[in-house]
Amino acid sequence: MLAGLQPALALDPARSLAQYHHTRWTSDDGAPTEVRAIVQTPDGFLWLGADDGLYRYDGARFEPIATPNPKHRHGSGVNALLVTRSGALVVGFDLGGVGVYERGRFTYLEHRRVRATVRAIAEDKDGALWVALGSNNSQLARFHNGVWRIMGADWGLPPGMLTTIHPARDGTLWFGRDHWLGYLAPGTQTIRTVQTSVGVGPGLAEDGAGRLWIGDSLGVRRFADPRSGRIAPGSAELVATASRWSHILVDHDQNLWGGGFGAGLFRVRAQATATRGPAQSRKVEGFNVKDGLTGEVVWAVFEDREGTIWVGTNGGLDRFRHANVMRQPIIGADSPFGYSITATLAGAVLVGDRKALFKAEPGQGLKPWFSDFNPGVICEGRSGVLWMFAAQGAGRPDRVFRVQDGRRTEVRLPSAPSRTRACAVDDAGGLWVTAEDAPARRWDGARWRAYRAEDIPDFSSVVANGAGRALLVRNRRLFQADAESLKPIDYGAERFFPGNLVQIRRDRGATIVVSSNGLTRLDKDQARFIGDDRLSWLQDINGLARAPGDATWVRAKGGVTQVRASDLDRAFHDQAFTPPSRTFSLLDGLVGSGTGALRDAVAVGGDGRVWLATTSGVFVIDPRNLYRNRIAPPVSITSMTVDGKATLQPQDVVLPKGARSLQIDYAGLSLSTPERVKFRYKLGGVDRDWVDPGRRRQAFYTNLKPGRYVFQVKAANEDGVWNETGASLRFELPPTFAQSKLFAALCILAGALAAWLAYALRLRQVSRSIQSRMQDRIAERERIARDLHDTLLQGMQGLMLKFHAATRHVPEDLPAHRQLESALDRADDVMREARERVRSLRTASGEDLTLTLTELAARADPDRKVETRLLTEGAVQSLDPIVADEIEMIVGEALFNAYRHAKAKLVVIEVTYDPRQLGVRVRDDGVGIEQAVLVAGGRQGHFGLTGMRERAARIGGALAIRSRPAAGVEVELVVPSSSAYRAAPRRWWDLRRPV
């Protein structure tokens, strides 16, 4: 047994072997055969050594563990297993050699002389390993601090192969083989022979008091003084010598277990192992193939941390554990018509099988009461008188018995019923009976009264509800019967007890109708129904019983369920309420299905014990003595499967890049009832809360993002005790190149470059469009200039010559002469301006913006009333003529406003030639512009500011006008270089400029 991993529980020694829950696994269930060794490691796994290798059991499956040594590949038998105090698993192979399995890895303890069959392994108090070898030359080997040492005759070993090694608590090492027993005292190097009779195949065990037991072909016995070989008086009589009891165990409660060759398993209860005791207390219980054991040859007996007993045989593996539902062995499982169960008012329980009636008084077991008949129907009155009906066959009246004070009297009633279905006794002492193909009847002590209903040949069930009153049920219809009449009771719905009728009961002033798919409570004039679609444990009900206190027991398809009566009452009234419950089923030892309709399948005695009848026998539950597993199960993450490739016992795993599918297998190592182990898990960064997978033992994830993750899993045993620490697994999913930060940065860069290219291409397209429009405007200006020169100016010049000629004919002293001269002077001025305009239309005006703006300022303020400064920054560039004109007009409007309206004393014009853009700014120190005007875009009826913005937009520029009260106005125009400059330097990467 594993040091430091002693079981905290043990099987109740008061129960017989037949009352434990027995489970068997053979090769049909995936279990190995010839199970020769069984141990449990601290992580909760059960390890099996079999003739075809090493297996690990987690409660759900038997997992073969392959060994990396070619000599010991799976298929090589394992004879011996040991769990060291450090928790390592030591494996002894049939083909020779010793291996250590720890943290998912095998390490071999190689030695040229340790190659024979390993028969036994033990660990002493110093942590040294002792190995019994199947060789006459190398019988015993010791491994300590990495060094092997072979023991032989120099240590006092006689010739022969050892079969067992047992380390005692006092540090003594015991050795055994056929017909020989020896020991090695602590601190000595000589193995001494014990002078005692030893049979074939000895096995050794130690009880809680440190006493040594031996089992072999001579039987099982206890040493009074093992070193002298003296046997304790009377102990040799415990187990017969019909077999070789080579494998024995004393469990946590000091029960003696053993198995051998050809006789199966035995157990001797603790009181018999302590003293000789009476003969009955020393009775040996057996369990063999006919009882369900997987094989007659027992190789190993082991008790795990939860007190469960495991037995390895030549046919597979067996488990014996607690069962809260106990079979009553006094009643066989061979009653063809089932069993009847009735609870009396005095608290006794009556159980009838095919030929006898048994009775269990409160706190006592079943005992035969009447052995010569089987009453199929029993009912009781308030006086404690029992009425019993025993069928005699079709066409013959039932025998009727009256039982009072334990005395049975047969009552010969006239016209006795045949094939009685149910009976009841009302408060007046009247006996109500329903029978097959017959009306309901009431016996008042002198005569029968029959009750018939239209279209109803008979009634199914009856329950008394007062003096001379009873409720009768048939075909989902309910009737109230009394001394005078039979009246149907209508609850407004035919479905008040849908399904097949099982029974009808009175309960605290209400009537409970039990049907196959639910319960109906009839209270006054209202019916309330709870169906199996709402509470699954109500499916296929075949019995209901009230227990003392506040408990109700419901027998149904899934087992028997315990629920508080007050909670059940609330559930009838509150459709949203789900009452807490606990169900006992096959996993608790309840074998077989219900006994069928119209026959009670559950009853509660006065002591609170619950009695159940099934097709496989009679069972009992003692609510006051229920087993509860208080040991939280160890939790282990057994494997991780990534894209179909599994890794056992994973730890700090780095997943392959681009992994898409992840499966994590885990186990909750409560092996007593693994079918009821529950789990919850969470993957940090993925699951917001704990996931409840029920009893599923895998977690699945797909398409995880790269990163570091922690997977956590917790488990609870069959009684809801959680291991809150659980197990965790850290793993990392590295990014692929496409998921890396570098790739993301490159994508961002590529996106930015694509956006810049798109912007540049769009800018180039717009620039081309602007250039094209400008060229069109220049061409239009030249056309207008030609037209003006060829038509208007030439015409005007001709008119002026004619007027000039006409002037000569007008005397100079006449006023008309002076007027004509003045008009001709004015015409000359107009002609000069017109020619200047025509010239400006034909000549590029962007050669020197500074000069143009200087002249513009001089024209706008010819008297020089306002100081005007012009500042230039950057290398002067030649401007596009259209842009230059628009700039001139925008600046002219700004100067006009500054000179005429702003009352400015200083105006500054700044021109900035930048490779990327042309900037022109005009600012003054005048009174500024009102904020409301700026927001509105100009004064109502004035279009100066609007025109400036429109001109800026036409040349692809941006115009900003800023002003604060008494702080002047600033007008800033920015035009992209591609639009402003006539010829800008072009680089290979500059896509914005037109070709």
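This tour moves through the model stop by stop, from its confidence to its sheets and cavities.

**Before starting**

This is a predicted model, in which local features need pLDDT of at least 70 and side-chain atom pairs count only at pLDDT 80 or more, while totals for chains, interfaces and linings use all residues. Residues are numbered from 1 along each chain as its sequence is written, and side-chain values use heavy atoms, with hydrogens and water left out.

**Stop 1: confidence**

Colour the model by pLDDT, the predictor's confidence in each residue, from 0 to 100. The protein averages 85, and 90% of the residues score at least 70. Next, select residues 1–8, where the pLDDT is below 50; beyond near neighbours in sequence, this stretch has 22 contacts in the model (a contact means heavy atoms within 4.5 Å). Residues 276–281 also have a pLDDT below 50, and that stretch has 8 contacts beyond near neighbours in sequence.

**Stop 2: the sheet β22 to β25**

Helices (H or I, at least four residues) and strands (E, at least two) are DSSP runs, numbered from the N terminus; two strands pair if DSSP finds at least two bridges between them. Select β22 (247–250) and β25 (284–287), which stand at the edges of a sheet; each has a single partner strand, so one side of each is left without a neighbour in the sheet. This open sheet of 4 strands has the order β22-β23-β24-β25, with antiparallel pairing. The twist from one strand to the next averages 20°, where axes are lines fitted to C-alpha atoms, for helices over the stretch in contact, and angles run from 0 to 180 degrees between N-to-C directions. Within the sheet, select β23 (residues 256–259) and β24 (residues 265–268), which pair over 4 bridges. L256 stands opposite V268 in β24.

**Stop 3: the sheet β34 to β37**

Move on to another open sheet, in which 4 antiparallel strands follow the order β34-β35-β36-β37. Its edge strands are β34 (377–380) and β37 (407–411), each pairing on one side only. Neighbouring strands are turned by 25° against each other on average, direction ignored. Between β34 and β35 (residues 386–390) there are 4 bridges in the antiparallel sense; the bridge partner of E380 is L386 in β35.

**Stop 4: the largest cavity**

A cavity is a set of points, on a 1 Å grid over the protein atoms alone, where a 1.4 Å probe fits but cannot get out; lining residues have an atom within 4 Å of a point. Grid points are joined across faces, edges and corners, and a volume is the space filled by probe spheres set on the points. The structure holds 3 cavities of 30 Å³ or more, and the largest has a volume of about 50 Å³. To find it, select its lining residues, including V642, L655, R660, T702 and L733. By class, this lining has 6 nonpolar, 3 polar and 1 charged residues (Ala, Val, Leu, Ile, Met, Phe, Trp, Tyr, Cys and Pro count as nonpolar, Asp, Glu, Lys and Arg as charged, and the others, Gly among them, as polar).

**Stop 5: the second largest cavity and its strands**

Select I890, V920, R921 and L973, which are among the residues lining the second largest cavity. About 40 Å³ of space lies in this cavity. Two or more lining residues come from each of α6 (881–900), β68 (917–924) and β70 (969–976). The lining has 8 nonpolar, no polar and 1 charged residues.

Finally, select β68 with β70: 7 bridges join these antiparallel strands, and V920 has L973 in β70 as its bridge partner. β68 also pairs with β67 (residues 906–913) over 7 antiparallel bridges, and β67 and β68 form a hairpin with 3 residues between them.

Terms used. On a 1 Å grid over the protein atoms alone, a cavity is a set of points where a 1.4 Å probe fits but cannot get out, and a pocket is an open set with protein on both sides within 12 Å along at least five of seven lines; lining residues have an atom within 4 Å of a point.
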